[in-house]
Amino acid sequence: MILDNLTNEVRNALEEGQSLAISKKHSRVESIHILSVLLSKPGSSVLSLLEKTKINIKGLVIKIEDKIEELPSLANFSDDVQLSSELIKVLKIAKDLSLKRRDSYISTEIFFQALLEFPNSSREILQTFGLDTKELVNLISNMRNGSTVSEPNEEESRQALERYTLDLTEKAGM
């Protein structure tokens, strides 16, 4: 099944996306819920990639939040919220992309790339802010430096130095 080969970060994003959908009384978990979660995590691979672009991240987050608020809410709401067909298609694309990269697990950056590969509301917003697939693929390749995702906790150990240390030279502006 498609949900078997997810990194812990993607699995957590899906769970938090489901919680977000429930809190908004949405009938389905959409890709926009997951994108919102990925952008809310300081130090995430997705934020790290976006910081290397000229995208207005704060504006992007606001636009995504607005889009989530526009989704229809249910008056007679049940906590049984399923993944939308759109999100399932994005996950299938992410699985294909991860296999092409010889990854054993779908990582957040590959899920993020899949959002740009399949027509959906997240892609529309990302493209409006100037992000394109080719640029993202290059950024992912540079970030990974030829490595693959072979463990479900791979993302937690990746970029640990950047996440948990402070580059004093960079802070000094040198």
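Predicted model: local features only at pLDDT ≥ 70, side-chain atom pairs only at ≥ 80, totals over all residues.
Trainee: What makes up the protein overall?

Mentor: The protein has eleven helices and two strands. From the N terminus on, the order of these elements is α-β-α-α-α-β-α-α-α-α-α-α-α. Of its 174 residues, 41% count as buried.

Trainee: Let's look at one residue, then. Why is Ser31 called buried?

Mentor: Set the value against the cut-off: buried means under 20% relative accessible area. Ser31 has a relative accessible area of 0%, so Ser31 is buried. You will find Ser31 in helix H2, which covers residues 31–39.

Trainee: Which residues does Ser31 touch?

Mentor: Leaving out residues up to four places away in sequence, Ser31 touches Glu86, Leu87, Leu115, Asn120 and Ser122.

Trainee: What makes the pair Ser31 and Ser122 a polar contact?

Mentor: A polar contact needs a pair of N or O atoms within 3.5 Å, one able to donate a hydrogen and the other to accept it. The side chains of Ser31 and Ser122 are joined at 3.1 Å, so the distance meets that limit.

Trainee: How do you know that H2 is mostly covered?

Mentor: Nine of the nine residues of H2 are buried. Besides Ser31, the list includes Ile32, His33, Ile34 and Leu35, and Ser36, Val37, Leu38 and Leu39 are on it too.

Trainee: How do H1 and H2 lie relative to each other?

Mentor: Two packed helices are described by the angle between their axes and the distance between the axes. For H1 and H2, the axes come within 8 Å and cross at roughly 115 degrees. The crossing of H1 past H2 is right-handed.

Trainee: Which residues meet where H1 and H2 come together?

Mentor: From H1 there are Ala13, Leu14, Glu16, Gly17, Leu20 and Ala21. They meet His33, Ile34, Ser36, Val37 and Leu38 in H2.

Trainee: Now to H4. How do you know that the span of helix H4 agrees with what it should be?

Mentor: H4 runs over residues 57–70, which is 14 residues. At 1.5 Å a residue, H4 should span 20 Å, and its end C-alpha atoms are 20 Å apart, so the two values agree.

Trainee: Which residues of H4 are buried, and what covers them?

Mentor: The buried residues of H4 are Gly59, Leu60, Ile64 and Ile68. Their cover includes helix H1 (8–23), H2, helix H3 (45–51) and helix H7 (121–128).

Trainee: What is found at the start of H4?

Mentor: There, a side-chain oxygen of Asn56 reaches to within 3.3 Å of the backbone nitrogen of Lys58.

Trainee: Why does Arg102 count as exposed?

Mentor: Exposed means over 50% relative accessible area. Arg102 has 70% relative accessibility, so Arg102 counts as exposed.

Trainee: And what about Asn145: where does it lie, and what is its phi?

Mentor: Asn145 sits in the loop between helix H8 (133–144) and helix H9 (154–157). Although Asn145 is not a glycine, its phi is positive, about 50 degrees.

Trainee: Is Asn145 buried or exposed?

Mentor: Asn145 has a relative accessible area of 70%, which is over 50%, so Asn145 is exposed.

How values were computed. Residues numbered from 1 in each chain as written. Heavy atoms only, no water. Helix = DSSP H or I, 4+ residues; strand = E, 2+ residues; numbered from the N terminus. Buried < 20%, exposed > 50% of the residue type's maximum accessible area, 1.4 Å probe, protein only. Contact = heavy atoms within 4.5 Å. Expected span 1.5 Å × (residues − 1). Axes fitted to C-alpha atoms, helices over the stretch in contact; angles between N-to-C directions. Left-handed = near helix turned anticlockwise from the far one by under 90°.
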